[in-house]
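Here's a quick briefing for anyone meeting this structure for the first time. Have a look at the model, then read on.

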Amino acid sequence: MLGQLINGQLQLREMHRFVNGFTQKEGHDCWNIDHILEEILVGLQKVKKAGFEHITLGIDTWAVDYVLVGRQGQRLKDPVSYRDARTKNAIQELTSDLSKEYIYQKTGIQFLDFNTLYQLFEEDKDLLANTDKILMIPDYLGYVLTDQAVTEVTNASTTQMLSLREGLFDENLLQKVNVNATQFPKLVDPGTVLGELQTAKFPDYDLPQAKVITVATHDTASAVVGTPGLGQHWAYLSSGTWSLIGAELNIPENGTLAFQNNYTNEWGAYGTYRFLKNIMGLWIIQNIQKELHEKYSFAQLAQLAQQERPFQQYIDVNDSRFQNPANMIQEVQAYCRQTKQVVPQTPGEIAMAAYSNLSLYYANELQKLDEILGSSIDTLNIVGGGANVSLMNQLTANIAGVNVEAGPTEATAIGNLIVQMISQGEILNVYLARSIIVNSFDLKHYQPQQDMSQHLTQWQTKVHKG
Ligand code: LRH
């Protein structure tokens, strides 16, 4: 994504888009990281062709996954996806002698079985002993492009190994997974210059001169930077493959209530914390769409859903059975059958079941946020691709009784660009950046139109007793 500030407006131009996914390799779901690298180079080549010869570049990706790098700078194996089943029992095993309370108190990070901590716990111990560098995915991509290695903090916090108080990796947690602090390159904040793109390393591509900036490399951190929340009473929902719902804090909240509700305090740009909850998100819809042989676009699926009645069944979309099922449609149907509810059959019914239950989950977490933080959230800013689904935006406004501000859909790319621009002195700070976003993009507003809170009460009784 190419971004420019023109007359005080942020302008985006999509230069290249590619599909990313994992495939089975030696019994594990692995990412094809070389493919990602090649596509980045193709994108950069297009940027140069479009006339941009000197640029800055920032890379963000999903969190928690990593690459093991050897002493000669070589990759030791393909990175395993966090959706791989290898960490299924890891939380239980690791916390049998290091309590959950300890880990949460130290890190403030939610317990997800795929956190880097549990992935490293399940990692090949010999390989780990021969590992010179453990690089999070965006840090690895930056390393290959520039030969410079760092550990960027917004993403590193999702390892569940950073100490909130010391701002460093926690020795006890490192020891637990046989890792040395020196295996992680030095921790850096978003906005740090990484180095120059080593164009000579990639002779097959005609590349621009690029200064690579370590942005908020966790995509969710970038998305929150790119969320135009105004005032004191807003929450965000970064709605993509995952739905990340929460608030931006200046002081982390890792007390008992936060712990009991498994809220996370991921580190954000500019000294903030992302106090949030992971919800299964559009992953459910993405799989449904694929399983329908891509016969319907996402917009068409939403239209079909719109013709159906919501709340025909109450589903816990965060049930781990939806994390990586062999077949999502069948999994949703089996859930409904087993809980003796109406089994959705048509594409519209299935999509509505997913959308309405995601909205219920969002509304539930907005209540939780107020309860834990003592806040009174009146506006939910929805960003990311999910902000395009008006059906869900309106349902969420109705169930939760809040205003929904939808957009921009490209908040992650925007947050990435903003950190680059702030670091280069083009924008003064994130508050000004957010007002630039409001002035640059077409945002949509939804107000509660009909009280649907009774469905939340019923969902809470039937599905989510916590
Ligand atoms: C969203 C995301 C999320 C993480 C998950 C692994 O893309 O980065 O914040 O929890 O992927």
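What percentage of the 466 residues of the protein chain count as buried? The answer is 47%, where buried takes 20 or more other C-beta atoms, placed from the backbone, within 10 Å of a residue's own. Keep in mind that this is a predicted model: local features need pLDDT of at least 70, side-chain atom pairs count only at pLDDT 80 or more, and totals for chains, interfaces and linings use all residues. Residues are numbered from 1 along each chain as its sequence is written.

**Overall build**
- The protein chain has 18 helices and 18 strands, taken as DSSP runs (H or I, at least four residues, for helices; E, at least two, for strands).
- Its C-alpha atoms fill a box of roughly 60 × 60 × 45 Å along the principal axes.
- Look at contacts (C-beta atoms within 7 Å) between residues at least 6 apart in sequence, and 76% of them join residues at least 24 apart.

**The core**
- The largest nonpolar core has 127 residues, and Leu135, Ile284 and Ala351 are among those with the most contacts inside it; such a core is a set of buried Ala, Val, Leu, Ile, Met, Phe, Trp, Tyr and Cys residues joined through C-beta atoms within 7 Å.
- Helix H14 (residues 347–373) gives the most to this core, with 14 residues.
- Domain 1 (17–214) and domain 2 (218–466) both contribute residues, so this core lies between them; the domain bounds come from an automatic or database assignment.
- Leaving aside neighbours within four places in sequence, Ala351 touches residues including Ile285, Leu301 and Ala305.

Conventions
A residue is buried if 20 or more other C-beta atoms lie within 10 Å of its own, exposed if 12 or fewer, and partly exposed in between; C-beta atoms are placed from the backbone. Two residues are in contact if their C-beta atoms, placed from the backbone, lie within 7 Å.
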